[in-house]
Amino acid sequence: MGGSDAADHQAIQYLLTLPPRMAEAFEVVADRPRPRWLAQADPVGQPLGSGGATAHLLHEAWQVTAPHASFSDWLRADRKLVLHAGGQSRRLPAYAPTGKLLMPIPVFRWARGQRLNQSLLDLQLPAYERVLRHAGEQARVLITSGDVLLRFARELPLFPDADVVGLGMWVTPEKAQDFGVFFSPRKQPNALGFFLQKPSAERIRELAQEHLYLVDTGMWLLSERAVNVLLRRCGWDAATQAFAGGRPQTYELYGQFGLALGLEASVPDAEVNALSCAVVPLPGAEFYHFGTTAQMIESVSELQNLVLDETKLGGAVGLRHPDQYLQNCRFQPPLRRQRNHTLWVENSVVGPEWKLANEHVFTGVPENDWDLRLEPGVCLDVIPVGEADFCVRVYGFRDTFSGAFGQEATRWLGRPAA
């Protein structure tokens, strides 16, 4: 069972998927050296899916950090924390180049021990480390998502020893329908009956007559046996310790592997079906999503307003925090709480001649003397190109970058005025 002294003191190796250029620069930029930390990009070409991406990351980490050891010996040497943040981030374009994991997060006004330059990764790690160190000896890998922040009680329940342990939380059917959902027989609350991807609220209520249900937090603990099964589903040959064709096959962790787990698995797969499974509800769990531009600001505002006790915050600080965030910037226009709501300015210069509305995100804007009037929902992201030029991306606050506008929403701008 979880919580043993051996597990508490075992080292963790941190494995990340990031966009290609950020993966190359991560060790230097983040000051997180190998081999304890390793960032890799998914191979260019056909998407691998979450399962294939996990297999690729584990294989690359083994080859880079312990090429003379067998894969099994490398896997057993320490625990592996896998954080996925290597997608295109089309719904949060401001941080697509770095990956959502590395987006800067303002210091929470009620918290201590935070840093002005903290990232989402910095805030995620304590919770993930607690889970991994609390897990039983059987757990070798914790797979997580890079665009969420989880908060839960310090005291964790015992984790059953199983090949796959899914960590869930209690929510309403209306919230659960947008995520993966674990279903457990009511007489076996920690056993996984089956897993479904985004079942409707109506379907959840129907199944809840015979089952308990928990929304998937994205945290899955895998044993060595489960890791090997996952790799084989991605084309891994144990004899050669390589993938057929040189790269993993496309395979979904949640949409294929997960559906084949449990006592009443909805997808037949004998080898995956044979893995032992368990589900654990996280006590007092809170889930904050950073998957889109809107969610980034909404989640930070929810976190800023967790504590409104004036005896802890002092005086007027006890008022709700406005959804306006200025980080590492020079901001000169008048700022009005009602007119300029839903504002995120980071690493930017916003001059006195800018006329703003609401639902704006500005990132990377250099020194300028621009006279701009922006309509609601207009966002700017500026990327330096070479020594003198900039690429300016103009996009909508709620744009998904999935249509023609998303593909053509960049233009070139020469050196801005000093």
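Reader: Before we get going, when do two strands count as paired here?
Author: Two strands pair if DSSP finds at least two bridges between them. Keep in mind that this is a predicted model.

Reader: Good to know. Which residue stands opposite V345, then?
Author: That would be F362, which sits in strand β18. Strand β18 covers residues 360–363 and runs parallel to β16, with four bridges joining the two.

Reader: What else does β16 pair with?
Author: Strand β14, residues 324–327, pairs with β16 in the parallel sense, again over four bridges. In that pairing, Q327 stands opposite E346.

Reader: Switching topic: how many residues are in the largest nonpolar core?
Author: There are 50 residues in that core, and L16 and L18 have the most contacts inside it. Helix α5, residues 120–134, gives the most to this core, with six residues.

Reader: Nice. What does L18 touch?
Author: Leaving out residues up to four places away in sequence, its contacts include F26, L101 and L102. Apart from that core lies another one of 40 residues, with W220 and L222 among them.

Reader: One more: where is S223, and is this residue buried or exposed?
Author: S223 lies in strand β9, residues 211–223. This serine counts as buried because its relative accessible area is 2%, and the cut-off for buried is under 20%.

Reader: Which residues does S223 touch?
Author: Not counting residues up to four places away in sequence, S223 touches Q138, R140, A162 and D163.

Notes:
Residues numbered from 1 in each chain as written. Predicted model: local features only at pLDDT ≥ 70, side-chain atom pairs only at ≥ 80, totals over all residues. Heavy atoms only, no water. Buried < 20%, exposed > 50% of the residue type's maximum accessible area, 1.4 Å probe, protein only. Contact = heavy atoms within 4.5 Å. Core = buried A, V, L, I, M, F, W, Y, C linked by side-chain atoms within 4.5 Å.
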